[in-house]
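Biologist: I am new to this structure and would like to know what lies behind the words used to describe it. Could we go through them one at a time?

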Amino acid sequence: MIKKTVLDYRYLVVLFLLLCGCLFAPLSATTHTLTAKKGGTPFLAFKALWEEQGNNVENFTLLTPVSETSIEAITPMLKKALKVKEEVDFGDTLTVGNILTTLQKARYGAKANEKNDFLGIQYSTSSADFDNYLQQYPNSKYANEANDRKACFEEWEKWLTAVRTDSRSDYEAFVECCSNHEPCTADGCEDISLSNHQRAKAVAAWYALSDRSDGSNYAIYNDYATFLEEYGALGVFTKAANDSLALNKDKFDWQVATTSHTLTAYQTYLAEHANGRYAWFAEDFVEQMTLWESATASQQYADYCAYYHQFPDGLYAAEAVEKVKAFETGDWTATKKKNTLAAYEKFVAQYPNGYYANEAQNKITEIRLAPYLKEAPSFNSISHVGFYSHPGFSLICLGNIDKNNKMTISLKGPTGFSKTLAPGKYEWVRVRNGSYKILVQASKTENWWGNATFENKMYAGAWSTYTNTLFGVQKVTNKDEEALQKMREDISAKAAEEEINTKKYILGIED
């Protein structure tokens, strides 16, 4: 009686397994029966073993790569479950799909027929395998599943092509492929097909958004933000979307700031875009507006003059000129009446950055140059050393590299300048572009004079004495080498800084 009960029990177990379509037996004495607990498919058997090895099964698909260590641990149990006895070679493609296909072919490959041929390729990740099967068995009862699997991996292959070529036509071919059918629900393909269709939606949304982004509708940055919320996690054009969002947000906020055109508006822009495309311009506006607010609050000559001197073509230059002139006009009229070197020097000392300072400086240089103008050489006596980022102006480094003598350097031109420099000292001067005459004077020596033309660049000149004559830098033996080197280092640093500023300015103009 006991024996019959055991036999009946075994019969029922076999019948249950056959009804489930499963041919698995318990994998070992210590593990559970995969056929009973996981539904009995080879893919789910592999998934259960994968999880037992401590691996994450959240994104487990036929495309999941498998390490050699995992293969060594799982293969014996999987072969036993699939009743594969012979040795198999998985080749170089170590994925779940390839491993299952290799084992299935080993199991069913001995006898070719409609069923065995399908089971052999059931977990293949090549659309060509299913295409060949369908050509051989067009009316197979497995045709629907074969078609679904073929479509899934055609989508995947087109995605790989699009990523490799990075061409719009290939991305759109991928989208079209996905739109021709519903996501595949065949065993092992569900997550792959769902990912394909999600990516296809992201690609379609990206190109629709890109086509609307014509460079003028900066508020479109909101749509880029929406795109990232919906599709950013997929990694499809995520970086490009982030870049576009940042650029359009920058442009939009700059548009808001310039429309408002207030100190607060530009400060708000800088708070969010400290390194933005328009930060340099915003900083300039903030500096101008801050300085002008200070001047209008104090109503002092020095504050109006500071603004005019720093921003001669600035936002409030016209108003600053009128304010400055009102303070200077009386003294300037008296100085012109005297028309002497001493009178002009006194005026410049009193109003060094004033409205009439330029004219006074030119008068000073003119008086000093008077004995030499007929003999002034025609060559350009100051060297070009770099770019300057302020249109209409040039920046000049004038240096005294003599070891012992003071020098007075004077310019006559659109911006007058006269300065006495101690030995080893130099000074940066910003002047309006144009033609200039230059006079360099040192004690107990003859004077040196020449011409120069400044055209929106950086220039430098340095002088030293030799016996009783002044010479340019290259001809002098009496120069202070240490002072010259310091001057060169400062010029180099300034040139690098201005080159960056010039590029920013050019980018802004083009935009």
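Modeller: Let us begin with strands E3 and E6, which run antiparallel and are joined by 6 bridges. This is a predicted model, in which local features need pLDDT of at least 70 and side-chain atom pairs count only at pLDDT 80 or more, while totals for chains, interfaces and linings use all residues. Residues are numbered from 1 along each chain as its sequence is written, and side-chain values use heavy atoms, with hydrogens and water left out.

Biologist: What makes E3 and E6 a pair of strands?

Modeller: Strands are DSSP runs of at least two residues (E), helices are runs of at least four (H or I), and both are numbered from the N terminus. Two strands pair if DSSP finds at least two bridges between them, and with 6 bridges E3 and E6 meet that condition. In one of the facing positions, Lys412 stands opposite Lys437 in E6.

Biologist: Which sense of pairing do E3 and E4 have, and over how many bridges?

Modeller: E3 and E4 pair in the antiparallel sense over 5 bridges, with Leu411 opposite Phe417 in E4, and the two strands form a hairpin with 4 residues between them. Strand E6, residues 434-442, pairs with E7 in the antiparallel sense over 7 bridges; here Tyr436 stands opposite Ala452, and Ile438 has Gly450 as its bridge partner in E7.

Biologist: In what order do the strands of the open sheet lie?

Modeller: The open sheet has 4 strands in the order E4-E3-E6-E7, with antiparallel pairing. Strand E4 (417-421) and E7 stand at the edges with a single partner strand each, so one side of each is left without a neighbour in the sheet. On average, neighbouring strands of this sheet are turned by 20° against each other, direction ignored. Helix H18, residues 357-369, packs on the sheet and touches E3 (407-412), E4, E6 and E7, while its direction makes about 110° with that of E3. Touching is judged by contact, meaning heavy atoms within 4.5 Å, and the angle, on a scale from 0 to 180 degrees, is taken between N-to-C directions of lines fitted to C-alpha atoms, for helices over the stretch in contact.

Biologist: Why is strand E7 called largely enclosed?

Modeller: A residue is buried under 20% relative accessible area, exposed over 50% and partly exposed in between (1.4 Å probe, protein chains only). In E7 (residues 448-454), 6 of the 7 residues are buried, so the strand is largely enclosed by the rest of the structure. E3 is mostly covered as well, with 5 of its 6 residues buried, and across the chain of 511 residues 43% count as buried.

Biologist: How do you know whether Ser127, Ser70 and Ala173 are buried or partly exposed?

Modeller: Ser127, in helix H7, has a relative accessibility of 11% and therefore counts as buried, and Ser70, in helix H4, is likewise buried at 10%. Ala173, in helix H9, has a relative accessible area of 28%, so this residue is partly exposed. Leaving aside neighbours within four places in sequence, Ser127 is in contact with Lys150, Phe153, Glu154 and Glu157, whereas Ser70, with neighbours set aside in that way, is in contact with Trp50 and Asn55.

Biologist: How many aromatic pairs are there, and why is the pair of Trp292 and Tyr316 described as it is?

Modeller: The whole structure holds 37 aromatic pairs. The ring centres of Trp292 and Tyr316 are 5.2 Å apart and their planes lie at 5°, so the pair is stacked. Rings of Phe, Tyr and Trp (its six-membered ring) pair if their centres lie within 6.5 Å, and planes under 30 degrees apart count as stacked, over 60 as edge-to-face and the rest as tilted. Trp292 lies in helix H14 and Tyr316 in the loop between helices H15 and H16, so the pair ties together parts that are 24 residues apart in sequence. Both Trp292 and Tyr316 are buried.

Biologist: What makes Arg430 count as lying over the face of Phe393?

Modeller: A charge sits over a ring if NZ of Lys or CZ of Arg is within 6 Å of the ring centre and within 35 degrees of the ring normal. Arg430 lies at 4.5 Å from the ring centre of Phe393, and Lys494 lies over the face of Trp428 at 5.4 Å from the ring centre.
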